[in-house]
Amino acid sequence: MTHATILQQGTIHCFPAGLRDDQGNLVNAEVSAVLYDGKRLILASDKPIPGEERSAMFAMPMTGQGPDDRQLEYFTMPLIKQAIKYEDLSLTADGHHVLATTGFDRIDSQSHDLNDYNHLLIWPLGEPDKVQVVDPDPRDGVEGSLELRLKLDQAIGFPYYKIEGLAAVPGERGDGLLLFGIREQGQSHDDFAYVSRIVGAHYEISDSGNLVFVDEMREHYVFDPGSHPEVRFDCGLSSLEYDPYHGRLYLLNSFEVEKAGEERIGGYLWEVSLGDFRARCVPTLVTTPAGLPLEFEHKAEGLAVLDHDRLFVAYDNDRHLGLGSIDERDERHACEAPYTLLHVS
């Protein structure tokens, strides 16, 4: 059983305080994805961050004192700025490339107006200027991972779904197995159920540095967080993360519910060895050293493995501004994203 202890909590300034969009609305930090590349944290928001010199994806050093947002760098490559609603980031199984996925939760069958919500991007580690779209429509000039969307449609089997997890793990074919975590599935955006389901396919990295799928997309794993007696709220999958130090997969859940007239947000963390994942065994809930469930007080949406013993959790609280135990202040600024640094054992 894995235990987790909080080492540090705080907030990251994702853009200048008081930043407003074209309509004059205050921009809110909604970090939904985080990745550690060995030196820096790469973070992504599921909402655009306006400004020619900004984008929804940015990086900063991870120091011994925590993330250093004084050295924040935005990724302003056109393809990265174009994609909308980033939901997770991952390294390839060999650690040589970065992958970024959007939510794939909307498409327009009559036009290409919503293609920007359907992107899987890849670039060599440390070289985001070489970003490419994975599995695009074969027709020239049509942006988006539209061939991938067709494969997801077939594997998931519902007209509506939302991708919120992405992880590449060692596989039985090619260069690895790429996993997509599903948070919502149903008939439409207002008729769905929260789920914790994973589909995926094996891949190879081509000579041009792009990712090519080499077998059929299919379901690999599904579990029900609510079946655990100590999970108090209805959850959906919010992130996947491969831990190469221990050969396991972390599954992050988050919830946003109303109970007794009060809105509640939070999340839970699970782990499963790759062997148990392939055997479809139930994952283990990560607990405190006292054996109690590790229940996050904020909406846990991004997870990164820093090293053998540490995890970084990023929160997307949407419009909730309360900081709770993260900071003695009553509420965060709209430009701030809360985070927690964990020690696991």
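This is a predicted model: local features need pLDDT of at least 70, side-chain atom pairs count only at pLDDT 80 or more; totals for chains, interfaces and linings use all residues.
**View 1. The aromatic pair Phe-75 and Trp-123.** The model holds 11 aromatic pairs. In the pair Phe-75 and Trp-123, the ring centres lie 6.1 Å apart and the planes meet at 80°, so the geometry is edge-to-face. An angle over 60 degrees counts as edge-to-face. Phe-75 sits in the loop between β6 (73-74) and α1 (78-82), while Trp-123 belongs to strand β9 (residues 120-124), so the contact ties together parts 48 residues apart in sequence. Phe-75 and Trp-123 are both buried.

**View 2. The aromatic pair Tyr-221 and Phe-223.** Here the ring centres are 6.2 Å apart and the planes stand at 50°, so the pair is tilted. Tyr-221 has 1% relative accessibility and therefore counts as buried. Phe-223, at 9% relative accessibility, also counts as buried. The cut-off for buried is under 20%.

**View 3. The largest pocket.** Its space comes to about 280 Å³. The lining has 19 residues. Nearest the centre of the pocket lie Tyr-36, Leu-91, Glu-241, Tyr-242 and Pro-244. Four elements are named as giving two or more residues to this lining: β2 (31-36), β7 (86-91), β11 (160-169) and β16 (236-243).

**View 4. Residue classes in the lining of the largest pocket.** Of the lining residues, 13 are nonpolar. Another four are polar, and two are charged.

Terms used. Residues are numbered from 1 along each chain as its sequence is written. Side-chain values use heavy atoms; hydrogens and water are left out. Rings of Phe, Tyr and Trp (its six-membered ring) pair if their centres lie within 6.5 Å; planes under 30 degrees apart count as stacked, over 60 as edge-to-face and the rest as tilted. Buried means under 20% relative accessible area, exposed over 50%, partly exposed in between (1.4 Å probe, protein chains only). On a 1 Å grid over the protein atoms alone, a cavity is a set of points where a 1.4 Å probe fits but cannot get out, and a pocket is an open set with protein on both sides within 12 Å along at least five of seven lines; lining residues have an atom within 4 Å of a point. Grid points are joined across faces, edges and corners, and a volume is the space filled by probe spheres set on the points. Ala, Val, Leu, Ile, Met, Phe, Trp, Tyr, Cys and Pro count as nonpolar, Asp, Glu, Lys and Arg as charged, and the others, Gly among them, as polar.
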